[in-house]
Amino acid sequence: MAALLEVSGLTMRFGGVTALAGVDLAVGEGELVGLIGPNGAGKSTLFDCLTRRCAPQEGRVLLAGEDLARLPAHGVAGHGVGRTFQNTALFPGLSVRENVMAGAHRHGRAGFWAAALGLAAGEERRLRGAADALLARFGLDEYADHPPEALPYGTTKLVEIARALASGPRLLLLDEPAGGLAPAEVPAFAGLIRRLHAERRLTIVVVEHHLDFVLSLCRRIVCLERGHKIADGPAEAVRRDPAVVAAFLGTGR
């Protein structure tokens, strides 16, 4: 399987704290990979480096051979990386539909903000139609004109995934998609991610604290602890790995 994402020697320091220590990771085209680890392991920092929210001190990040380190943060989405966040990062001043339209800005000839300001009516109609199609796919049609802050938390998670998909990513990074959900909502979210992976042949990396969720979802698991990669392999093997067990019990390095 050809690697879509190649991370080598990624090191990120914040003052005297090393959040990532020479992390290597390769994710094949069409893979669904889980990224686990205790609090402070470096999982979200890794996502921040992949999406250029952070500039690592060392290492390389390649997407289909393209060096993402050479791009500004907004350029990463343009090269096919979509992302959600631990805490939903929707625009409170926009409707649900407008939030999803914002995700499609890289495909807009005039850009989302120009369209939203009425500078390109045809472009606005095109973006609106694409957003409405995604909302229908996620069963969110009835919320299209609602502000996201008025919706239940689980619904805002769906809106954020729809917005990430609006950019047409090749690589989708999901940061704790099951975090904060009611237990009854978790299986439906797992099913949604499986369908997206199968239908769109998306390459997906999922960060998750909900171990049963990610272990049931992903065949391959990568585990970080204190910025080091300590395991990478089939889900059941990683679950039983002594270093992983020690890390989650608080007796690791």
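Two residues are in contact when heavy atoms of theirs lie within 4.5 Å. Keep that in mind as you meet this protein, a predicted model in which local features need pLDDT of at least 70, side-chain atom pairs count only at pLDDT 80 or more, and totals for chains, interfaces and linings use all residues. Residues are numbered from 1 along each chain as its sequence is written, and side-chain values use heavy atoms, with hydrogens and water left out.

**Overall build**

- The protein holds 10 helices and 10 strands; these are DSSP runs numbered from the N terminus, with at least four residues (H or I) for a helix and at least two (E) for a strand.
- Its radius of gyration is 18 Å, close to the 18 Å that the globule rule gives for 253 residues, so the protein is as compact as a globular protein of that length. The radius is taken over C-alpha atoms, and the rule is 2.2 Å times the number of residues to the power 0.38.
- Along the principal axes, the C-alpha trace spans about 55 × 40 × 35 Å.
- Among contacts with a separation of 6 or more, 67% link residues 24 or more positions apart.

**Surface and charge**

- Of the 253 residues, 53% count as buried. Buried means under 20% relative accessible area, exposed means over 50%, and partly exposed lies in between (1.4 Å probe, protein chains only).
- The protein exposes about 11,400 Å², and carbon and sulfur atoms supply 53% of that area. Accessible areas come from the Shrake-Rupley method with a 1.4 Å probe.
- There are 28 positive and 27 negative side chains, and the centres of the two sets lie 3 Å apart. Lys and Arg count as positive and Asp and Glu as negative, while His and the chain ends are not counted. Each charge is placed at NZ of Lys, CZ of Arg, CG of Asp or CD of Glu.

- S7 runs parallel to S6 (residues 81-83), joined by three bridges, and Gly82 stands opposite Leu172. Strands pair if DSSP finds at least two bridges between them.
- S7 also pairs with S8 (residues 203-207) in the parallel sense, over five bridges; here Val206 is the bridge partner of Leu174.

**The antiparallel sheet**

- Four strands form an open sheet in the order S2-S1-S4-S5, with antiparallel pairing. Its edge strands are S2 (17-28) and S5 (66-67), each pairing on one side only.
- Within this sheet, five bridges join S1 (residues 3-14) to S4 (residues 58-63), and Ser8 has Arg60 as its bridge partner in S4.

**Residues worth a look**

- Val222 sits in strand S9 (residues 220-225) and is buried, with a relative accessible area of 2%.
- Leaving aside neighbours within four places in sequence, Val222 is in contact with several residues, including Leu25, Gly34, Ile36 and Ala231. Val33 is 189 residues away from Val222 in sequence, yet their C-alpha atoms are 7.4 Å apart in space.
- Ala64, in the loop between S4 and S5, has a positive phi of about 50° although it is not a glycine. At 44% relative accessibility, Ala64 is partly exposed.
- Arg201 lies in the loop between helix H7 (186-200) and S8, and its phi, near 50°, is a positive value in a residue other than glycine. Arg201 is exposed, with a relative accessible area of 71%.
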